[in-house]
Amino acid sequence: MRPISTEETVRQGEASMRVIGLTGGIGAGKSRLLDFLKEAYGARVFQADEAGHQVMEPGTAAYEEIERLFGRKILKDTGEIDRQALGALVFSDGEKREALNSIIHPAVKALARKAVKEAREEGNVALFVIEAALLIEDHYEEICDELWYVYADPDVRRARLRASRGYTEEKISAVFESQLSDEEFRKNCKVVIDNSGSMERAVGQIERLLGEAEKDRT
């Protein structure tokens with residue numbers, strides 16, 4: 001049998017890498033499950049929220065567009081974008097918020113595509129997870145092999161948000177209303193993970209989905 005070339009090894013790695021999109025409402029516990037996937041399965045993780053910060057850094061194309069659109073009033077003395085000031089500006093203005101999203105979201109998605117491509121080329125990444133609140137709205141099914149929905153009972157989510165972020169009931173309700181319904185999440189995602197209870201219960205669901213064989217490969 002002839003030896004397998006480096007190029008063939010890379011191609012095999014590219015073909016075997018599984019790309020999962022992880023989404024769900026605020027307070028569903030996505031971050032803890034991402035940590036588990038990294039620690040237990042060696043998953044490469046891309047978080048859209050963190051990437052959103054990167055694309056707004058000075059010198060990026062998105063930064064230039066945002067400054068041109070909103071003016072220097074949304075900049076700190078250091079020249080960085082004051083995200084709090086920007087958020088306050090677009091919070092109650094749907095048109096401005098849509099304009100901002102039209103700059104940030106495509107830039108973040110482009111970073112995700114690049115990260116997936118680089119991981120495939122490395123040839124040794126078995127599991128790649130993209131976490132994004134707007135995974136469905138921004139059509140990440142174009143990048144992912146499958147979408148997973150992390151579900152948690154609304155009352156559980158409310159309790160978590162009160163405890164971890166100090167949110168008021170009014171703020172929680174406002175955020176809930178701005179996100180997709182449970183029905184929409186379920187309709188668009190192949191897998192539903194119920195994270196209403198203990199972490200162990202949610203982990204058990206993931207282990208059944210991925211299987212011990214894939215865990216051993218990483």
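Trainee: How many disulfides are there, and what makes a pair of cysteines count as one?

Mentor: A disulfide is a pair of cysteine sulfur atoms within 2.5 Å, and by this rule the count is zero. For Cys-144, the nearest cysteine sulfur is that of Cys-189, 9.8 Å away. Cys-189 in turn has the sulfur of Cys-144 as its nearest, at 9.8 Å. A distance of 9.8 Å is not within 2.5 Å, so Cys-144 is in no disulfide. This is a predicted model, in which local features need pLDDT of at least 70, side-chain atom pairs count only at pLDDT 80 or more, and totals for chains, interfaces and linings use all residues.

Trainee: What decides whether Cys-144 is called buried or exposed?

Mentor: The relative accessible area decides: buried means under 20%, exposed over 50%, and partly exposed in between, with a 1.4 Å probe and protein chains only. Cys-144 has 9%, so Cys-144 is buried. Cys-189 has 8% and therefore also counts as buried. Over the 218 residues of the protein chain, 40% count as buried.

Trainee: Which class does His-139 fall into, and why?

Mentor: His-139 has a relative accessible area of 42%, so His-139 is partly exposed. His-139 sits in the loop between β3 and β4. Its phi is near 60 degrees, a positive value in a residue other than glycine.

Trainee: What makes a set of residues a nonpolar core?

Mentor: The members must be buried Ala, Val, Leu, Ile, Met, Phe, Trp, Tyr or Cys residues, joined through side-chain atoms within 4.5 Å. The largest such core has 38 residues, and Ile-66, Leu-86, Phe-128 and Ile-130 have the most contacts inside it. Among the elements that each supply at least two residues are α4 (61–70), α5 (83–91) and β3 (127–131). The largest share, eight residues, comes from α6. A second, separate core has 21 residues, including Leu-22 and Val-203.

Trainee: Which residues does Leu-86 contact, and what counts as contact?

Mentor: Contact means heavy atoms within 4.5 Å. Setting aside neighbours within four places in sequence, Leu-86 touches Met-56, Ile-66, Phe-70, Ile-74, Ile-81 and Leu-100.

Trainee: How do you know which stretches are strands, and how many are there?

Mentor: Strands are DSSP runs of E with at least two residues, helices are runs of H or I with at least four, and both are numbered from the N terminus. The chain has ten helices and five strands.

Trainee: What makes two strands a pair, and in which order do they stand in the sheet?

Mentor: Two strands pair if DSSP finds at least two bridges between them. Four bridges join β1 (residues 18–23) to β4, so by that rule these two strands pair. In β4, Glu-146 is the bridge partner of Ile-20, and Leu-147 stands opposite Gly-21. Between β4 and β5 there are four bridges, in the parallel sense. The five strands form an open sheet in the order β2-β3-β1-β4-β5, with parallel pairing.

Trainee: Why are β2 and β5 called edge strands?

Mentor: β2 (44–47) and β5 (191–194) each pair on one side only.

Trainee: How many residues of β4 are buried, and on which faces?

Mentor: Six of its six residues are buried. Glu-146, Trp-148 and Val-150 lie on one side, with Leu-147, Tyr-149 and Tyr-151 on the other. In a regular strand the side chains alternate between the two faces of the sheet.

Key: Residues numbered from 1 in each chain as written. Heavy atoms only, no water.
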